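Hi everyone, thanks for making the time. I'd like to walk you through one model today, so let's bring it up on the screen.

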Amino acid sequence: VIVADPKTPFSPDELEKLDKYISAGGNMLIAGEPGRQDLLNPLLRTFGVQMTAGTMIQESKDFAPDFVRAVFAPGTDAAAPAYEKFRHDRATIAMPGAAGLTYSDSGVYAIHPILVTDQRNTWNRPGGLGPDTGKIACTPLLGDDKRQAVLGLTLTRKMRAKQQRI
């Protein structure tokens, strides 16, 4: 099942069907953009994952402030050996609009960060970008939080004879 950038909240019936699918060991891909946190967090909560409020900003002289270039996290080979090659080659993934992810590693899923931001020039702006997106700087008074953020995760668990992947 692929859940990609929903436009409306999930109904209780839809969440129940997704929960049954997940409980039965079904695989899933979930993708969302900033501004969709309220729509996706009820589903992500099932896995101990949440999208943070706001938008990731990355300082650049060449790109818009919300155009984030994520890199592959150290240790990605635990999720898939191909990711480690991407990390070694310093590959980047362009994300025109991204929200950070937080997670609790205390559930039934093994959680592995795959994509992260560069902590030197990236921060989370809780209110997102305003209409004027000229020169922008990290402003702690606005609640900006300069840090490395996780932008992509894999979750796995063993279910009977197979591995469930989210």
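Let's begin with a pair of charged side chains. Arginine 125 makes a salt bridge with aspartate 144, and their closest N and O atoms are 2.6 Å apart. Please keep in mind as we go that this is a predicted model. Where do the two partners sit? Arginine 125 is in strand S9, while aspartate 144 belongs to the loop between S9 and S10, so this contact ties together parts that are 19 residues apart in sequence. And are they buried or exposed? Both arginine 125 and aspartate 144 are buried.

That brings us to the sheet around S9. Three strands make up an open sheet, ordered S4-S9-S10, with antiparallel pairing. Its edge strands are S4 and S10, the latter covering 145-146, and each of them pairs on one side only. S4, residues 55-58, and S9, residues 122-125, are joined in the antiparallel sense over four bridges. Between S9 and S10, also antiparallel, there are two bridges.

Methionine 56 has asparagine 124 as its bridge partner in S9, and asparagine 124 in turn has aspartate 145 as its bridge partner in S10.

Now, a word on S4 itself. In a regular strand, side chains alternate between the two faces of the sheet.

Side chains of opposite charge can pair when their charged atoms come close. How many salt bridges does the structure hold? There are nine, and I'll pick out a couple besides the one we started with.

One of them links lysine 7 to aspartate 5, with 3.2 Å between the closest N and O atoms. Lysine 7 counts as exposed because its relative accessibility is 57%, whereas aspartate 5, at 15%, counts as buried. This pair also belongs to a network of salt bridges that links Asp5, Lys7 and Arg36.

Another joins the side chains of glutamate 16 and lysine 20, at 3.5 Å from N to O. Both residues are in helix H1, residues 12-23, and they are four residues apart, which is about one turn of the helix. Glutamate 16 has a relative accessible area of 45% and is therefore partly exposed, while lysine 20 reaches 55% and counts as exposed.

Rolling a probe the size of a water molecule over the atoms shows where empty space is left. The largest pocket has a volume of about 660 Å³. It is lined by 27 residues, and the closest to its centre are Ile30, Ala31, Leu151, Gly152 and Leu153. Several elements give two or more residues to this lining, including strand S2 (29-31), helix H2 (37-44) and strand S8 (110-116). Which element supplies the largest share? That is S11, with five residues.

Methods. Residues are numbered from 1 along each chain as its sequence is written. This is a predicted model: local features need pLDDT of at least 70, side-chain atom pairs count only at pLDDT 80 or more; totals for chains, interfaces and linings use all residues. Side-chain values use heavy atoms; hydrogens and water are left out. On a 1 Å grid over the protein atoms alone, a cavity is a set of points where a 1.4 Å probe fits but cannot get out, and a pocket is an open set with protein on both sides within 12 Å along at least five of seven lines; lining residues have an atom within 4 Å of a point. Grid points are joined across faces, edges and corners, and a volume is the space filled by probe spheres set on the points. Two strands pair if DSSP finds at least two bridges between them. A salt bridge is a side-chain nitrogen of Lys or Arg within 4 Å of a carboxyl oxygen of Asp or Glu. Buried means under 20% relative accessible area, exposed over 50%, partly exposed in between (1.4 Å probe, protein chains only).
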